[in-house]
Amino acid sequence: MTTGQHRTAQPESDPAGEEGLPSLAEQMADQLGGWRGLVESSIPVVIFVVANILTDLRPAVIASVSVAVAIAVVRLAQRRPVRHAVNGLFGIGIGAAIAWRTGDEKDFYLPGILYGIVYGLALLASAAIRQPLVGWIWSVIVAGGRSEWRQEPRLVRTFTWLTVLWGVVWLAKVGVQAALYLADKDTALGVARLVLGYPPYALLLAITVWTVRRVTRSMAALPG
């Protein structure tokens, strides 16, 4: 889980300064890369799924990796942020290399499945030991590294249940993909990768930003 970049105030120690935070839409747009980022990150996977249906594994791998590289190059040439393109290229490259080596189409999606399992378990484990990962990521990305929320029981509870929510959703969606992987449903796995990618991520991000902003504002309204 990540949220958008923060430029000024911290939500924990100075809730009254919450107005200085970027809006919910701005934070989400920054993290997701806007509509262009959403489309560009999905194109290589779509290319792989379609090319694999129409041709074979190796042409599909070459096509998806080539498109991912082209997207990164175009962004670089336009002097636009390449973070999302590079992340997408990295993920596509690992999956493509494994699938190329094994000769099995479903292995293209294996790194994403393994990453999802580890990430989901890490989220739940952090909540269990009262060190909610969502809170720490919020501190790094939104609060400029400050962690005063640790001294606020209400914020600790809020970040804990948000972390549990992220972990449960992450394990649920990766569970669907893992089941399709084990059942050798290559095409369905590709569709699931797209459907269970950004939509639930965007929803979780919206819930997280809205909830934390709401809690910090209500805390600021308390007397004393």
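This is a predicted model: local features need pLDDT of at least 70, side-chain atom pairs count only at pLDDT 80 or more; totals for chains, interfaces and linings use all residues.
## Positive phi angles

Most residues other than glycine have a negative phi. Two residues here are worth a look.

Arg130 is not a glycine, yet its phi is positive, at about 65°. Arg130 sits in the loop between helix H5 (110-128) and helix H6 (133-141). Its relative accessible area is 42%. That value lies between the cut-offs of 20% and 50%, so Arg130 counts as partly exposed.

Asp184 is also a residue other than glycine with a positive phi, near 60°. Look for Asp184 in the loop that runs between helix H7 (153-182) and helix H8 (186-195). Asp184 is partly exposed, with a relative accessible area of 48%.

## The salt bridge

A search of the whole structure finds one salt bridge. The side chains of Asp184 and Lys106 form a salt bridge, with 2.7 Å from N to O. Lys106 belongs to the loop between helix H4 (83-102) and H5, while Asp184 belongs to the loop between H7 and H8. The pair therefore ties together parts that are 78 residues apart in sequence.

## Buried or exposed?

Now compare the two partners. Lys106 has a relative accessible area of 12%. Buried means under 20%, so Lys106 is buried. Asp184, at 48% relative accessibility, is partly exposed.

Definitions and conventions: Residues are numbered from 1 along each chain as its sequence is written. Side-chain values use heavy atoms; hydrogens and water are left out. Helices (H or I, at least four residues) and strands (E, at least two) are DSSP runs, numbered from the N terminus. Buried means under 20% relative accessible area, exposed over 50%, partly exposed in between (1.4 Å probe, protein chains only). A salt bridge is a side-chain nitrogen of Lys or Arg within 4 Å of a carboxyl oxygen of Asp or Glu.
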